Amino acid sequence: MFNATDTSPADALTSAPALSRTAAQTLAEQLADRFAARIRDRLLAPGARLPSVRQCAAQQGLSPSTVVAAYDLLLAQGLVQAQRYRGFFVRERTPLRGAGAGRAVPAPGAEVPDRMAAPVNAAALIRGMFHPAGSRPQPGMGAFPPDWMVSTFMQAAVRRVTTGPALADNSLRYGEPLGDGQLRRVLADRLQVLGLPAGPQQIITTVGATHALDIVSRTLLKAGDSVMVEEPGWAVEFARLAAMGMRILPVPRGPAGPDLAVMARYCEEHAPKLFVSVSVLHNPTGYSLSPASAHRVLQLAQQHGFYVVEDDTYGHIAPEHATRMSVLDGLQRTIYVSGFAKILAPNWRVGYLVAPPDWVERLLDTKLLTTLTTPSLLERALAHCIEQGQLRRHAERIRSRLDEARGRSVKLAQAAGCRFVSEPAGLFGWVDTGVDTEALAQRMLDQGYLIAPGSLFHAARAPSTLMRINFATTQDAAFWTVFKRLAAAR
C-alpha cells in the first residue's frame, strides 16, 4: 500500500497530492495528476522517460493495471507518448527545428546538426532554486546553503549606501553604463592579484555571471554559428545557446582540460566562433585546467580565430595561482566572466565581464540594449565589502567549511556505493551511481530530494549513471540512506 507519510509537504519539491484510497479521485487519476504536475512544472521535462509500469507499481504500492490506467490518462491529455518496446516519454510540446529527441552526442569528425536539442530538463534545477526551502538539504542544488552565507557585513554595506544623500545619488538616476565606477576600480585591483592586468575601463558589470555570458554570446555570435562547449558542462549554458540558434559542438573535458584533438577537428570542419570554458573547479567534475592545456587552447584560438569565454564563477573558492587562460593570454582572445552569486549574495545579481579593449564598446552596446544599466546601490555595497577585506575573509571561511564538508560527503557517498569519476575538489562531486540517475531522480523527488542526474550535463540527451552532488548539502546521512534504498530498488 502506498505510504502517504513518505513525503512531507514542506519538503517535497512538487505540489502533487499524496495518493489516497479514500479520496474522491481514483488512484489512477491521482497518479496521473502527480505526473501531470511534474510535467507542467518542468520537473519531468520533454523527452524524460516515465518509470516502467512494473517499476511504478512497485514504487507506489499499486497494481500494474492502475498504473496503465494512469498512463492512459496522460496519453489522452497529450502529455506523454508511448514508444513501442521502450516505454512512455514526456511529449515535446515545442520541438526545436532540426533537432531530434534522444540524439547522441556526435562523434569527433561527424556531421553536427544545425541545432542540437537543449538539455530537456535544464530548467529543473533552476526552478528548484526558487522553490521555498524545506528542512532537508538538496544535493542537486548548485549553490551553498543559505546559512553558510549569513553575514553582518552585507547589511552594514547596504545601510552605508542607502543613508542620507547616498540613497538619492545611487538610486534616483541611472548609473554609469559600464557599471559603478568604485566597484570596477576595486575589481581591477582584485584582478591584478590574480595576474590579470585590466583597467576599470575594460570591466562591464552585469546582472550576474549568466547575464555576462549572454552579453558575450549576443555580441560575438549570430544564429547558426558554431560554439564549442565543454562536456559534461553547465546545462543552462547548453540550453541558452541552443535557444539562440547556435550549433553546439561538445568537447569532452578531462582532468587536464578539454580534449585538444576534438577541438582541433572542430576547428578544421566547423570554424567555431567561440569556446565556453570553466578553467577552475569545473562544473560538474571539479577539474582545473593545466598550464599545458591552456597554452594549447590559446594557440588554437589564435590559429583559427575563435574567442574563449572563461567562466570563473567558482574562482572565489579556488587558489589564486590556479591556471586561468585570461591571465596567460592577457585578454587578447579571451573574455573573463565572474560573479558573486555563488559566494556571497545570490539575489544581488552582481556579475561582470572583462574584455579586450577593442570589444568593450560593442559589448557595452549589447548590455545597454538588454538592461540599460545595472543597479548601482548593490554594486556600490559590494565594492565596500571587497574594499574592506570582508569578502576575502568570508570566502576563506567558506573554503574552510567546504573542505570539512567535502571529506564527510565523500565518505558517505562511497559508503552508499558511489564511485568518484574525478578527484573530489571544489563544490561539486561527479559520481557514478551504477543506476539510471534520471529514473532515480524521480524516485528521490517522492522523498523530497532534488538530485542532479548526469543527463543534465550533456549537450544531447543520453541515459547516464552519473550524478553531480553538492558537497555542502550531502553531509546528511539521512539522504544517503534514502538514496541507497531507492538505488537498490531499480
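**Notebook: strand E5 and the sheet around it**

I began with strand E5 (residues 247-252) and found five of its six residues buried, so the strand is largely enclosed by the rest of the structure. For the burial label I used a relative accessible area under 20% as buried, over 50% as exposed and anything in between as partly exposed, with a 1.4 Å probe and protein chains only. Helices (H or I, at least four residues) and strands (E, at least two) are DSSP runs, numbered from the N terminus.

I note that this is a predicted model, in which local features need pLDDT of at least 70 and side-chain atom pairs count only at pLDDT 80 or more, while totals for chains, interfaces and linings use all residues. Residues are numbered from 1 along each chain as its sequence is written, and side-chain values use heavy atoms, with hydrogens and water left out.

**Entry: partners of E4**

I then looked up the pairing, where two strands pair if DSSP finds at least two bridges between them. Strand E4 (residues 226-231) runs parallel to E5 and is joined to it by six bridges, with Glu-231 opposite Pro-252 of E5. From E4 the chain passes through helix H9 (residues 235-243) to reach E5, and this β-α-β crossover is right-handed; that label applies if, with the strands pointing away from the viewer, the path from the first strand over the helix to the second runs clockwise. E4 also pairs with strand E6 (residues 274-277), again in the parallel sense, over three bridges, and there Val-229 has Val-276 as its bridge partner.

**Entry: the whole sheet**

I traced an open sheet of seven strands in the order E3-E9-E8-E7-E6-E4-E5, with mixed pairing. Strand E3 (203-206) and E5 are at the edges with a single partner strand each, so one side of each is left without a neighbour in the sheet. From one strand to the next the twist averages 20°.

I also followed helix H8 (residues 209-220), which lies across E3, E6, strand E7 (307-311), strand E8 (334-339) and strand E9 (351-354), and runs at about 155° to E8. For such angles, axes are lines fitted to C-alpha atoms, for helices over the stretch in contact, and the values run from 0 to 180 degrees between N-to-C directions; contact means heavy atoms within 4.5 Å.

**Entry: backbone details**

I looked for cis peptide bonds and noted one between Glu-231 and Pro-232, with omega about 0°, where Pro-232 sits in the loop between E4 and H9. Another joins Asn-283 and Pro-284, with omega about 20°, and Pro-284 is in the loop between E6 and helix H11 (291-304).

I noted that Leu-331, although not a glycine, has a positive phi of about 60°; this residue lies in the loop between helix H12 (325-329) and E8 and is buried at a relative accessible area of 3%. Arg-349, also not a glycine, has a positive phi of about 55°; Arg-349 is in the loop between E8 and E9 and is partly exposed, at 30%.

**Entry: the chain as a whole**

I recorded 17 helices and 13 strands in the protein chain, and 56% of its 490 residues count as buried. Among contacts between residues at least 6 apart in sequence, 72% join residues at least 24 apart.
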